[in-house]
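Student: I would like to go through this chain with some questions. Please define the terms as they come up.

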Amino acid sequence: MKAEDWYRLQRSYYDDSPHRHLQAEAGGVFAENIVDHVAAAVELRKGQRGVEIGCGLGRFTLPLLARGAHLDAVDLSPQQLEKLRAELERRGLDPERWTLHEGNAEAIDEVLPGRRFDFVVGIFILHHLLDPAAAVRGAFRLLRPGGRAVFLEPNRWNPLYALQNSLCADMSWKNEWRIYRLGSGRLRSMFVEAGFSEVEVDRFGFFPPQVINRFASALALEHALERSRFLRPVLPFVLASGCRTD
């Protein structure tokens, strides 16, 4: 498939379906927990400037802003960006702290030319790209020395993703199958080859959002289950991180 056809498919995948599970207000504890891990990996501090690649409808953008970040949020779909803009304005979030950009993640440093940031994050974006390594290289070029990047991906060994792609009306194997080409080893290699140091790959999570967002005790139980060495290979999220130290 040609690149333009692939990305046309990706835009229509998100633009033509409501994807209720990706709505900003649908985040809840599930999204907050993911952003907690991402924020810890980039050592996020209030006032830092960062880039979110593949922001979509803002499910993770809003928690990042709530932690005091200044964000340049990038997405391929102008339709998704307009919906996010309306949501940010509706919530009265300071427009000095966020800017939205239309652009391809594989050329992220061309979307934001000549700028340097404290962190770059991409949550569930790499498996939607034809060349995910290009996005990792672009993230490296966007960072100031000492800056950190994090990409979070589904763990292909977790069986729930196969069920989700098969049974969820908003999901499609045609658009999601590339999760099975992004294992922990490949993620680590992409970071190392891009020039990152202090590269780490970790797994976390356990319960789907329908459980985490509904039951107050679920998150504490999840943290306990994450410590099991028997469960670690199939925990649902793989988080790869690295630092630009030059």
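## Questions on a predicted chain

Tutor: The chain exposes about 11,500 Å², and carbon and sulfur atoms supply 53% of this; accessible areas come from the Shrake-Rupley method with a 1.4 Å probe, and for residues only the protein chains shown count as cover. This is a predicted model, in which local features need pLDDT of at least 70 and side-chain atom pairs count only at pLDDT 80 or more, while totals for chains, interfaces and linings use all residues. Residues are numbered from 1 along each chain as its sequence is written, and side-chain values use heavy atoms, with hydrogens and water left out.

Student: How many helices and strands does the chain have?

Tutor: Helices (H or I, at least four residues) and strands (E, at least two) are DSSP runs, numbered from the N terminus. By that definition the secondary structure comes to eleven helices and seven strands.

Student: What is the radius of gyration of the chain?

Tutor: The radius is taken over C-alpha atoms, and the globule rule is 2.2 Å times the number of residues to the power 0.38. For 246 residues the rule gives 18 Å, and the chain's value is close to that, so the chain is as compact as a globular protein of that length. The radius of gyration of the chain is 17 Å.

Student: Is Asp 118 buried or exposed?

Tutor: Buried means under 20% relative accessible area, exposed over 50%, and partly exposed in between (1.4 Å probe, protein chains only). Asp 118 lies in strand β4. Its relative accessible area is 17%, so Asp 118 is buried.

Student: Which residues is Asp 118 in contact with, leaving aside neighbours within four places in sequence?

Tutor: Contact means heavy atoms within 4.5 Å. With those neighbours left aside, the contacts of Asp 118 are Gln 48, Arg 49, Leu 143, Arg 144, Gly 147 and Arg 148.

Student: In which strand is Ser 241 found?

Tutor: Ser 241 is buried, with a relative accessible area of 7%. Beyond its neighbours within four places in sequence, its contacts include Ala 41, Phe 191 and Glu 200. The strand that holds Ser 241 spans residues 237-243 and is β7.

Student: Where is Glu 43?

Tutor: Phi of Glu 43 is near 55°, a positive value in a residue other than glycine. At 43% relative accessibility, Glu 43 counts as partly exposed. Its place is in the loop between α2 (28-41) and β1 (49-53).

Student: Which residues does Ile 34 touch, not counting residues up to four places away in sequence?

Tutor: Ile 34 is one of the residues with the most contacts inside the largest core. With residues up to four places away not counted, Ile 34 touches Phe 60, Ile 123, Phe 124, Leu 152, Phe 204 and Phe 237.

Student: How many residues are in the second, separate core?

Tutor: In soluble globular proteins, nonpolar side chains tend to be buried together. The second core includes Val 74, Ala 105, Ile 108 and Leu 126. Its size is 33 residues.

Terms used. A nonpolar core is a set of buried Ala, Val, Leu, Ile, Met, Phe, Trp, Tyr and Cys residues joined through side-chain atoms within 4.5 Å.
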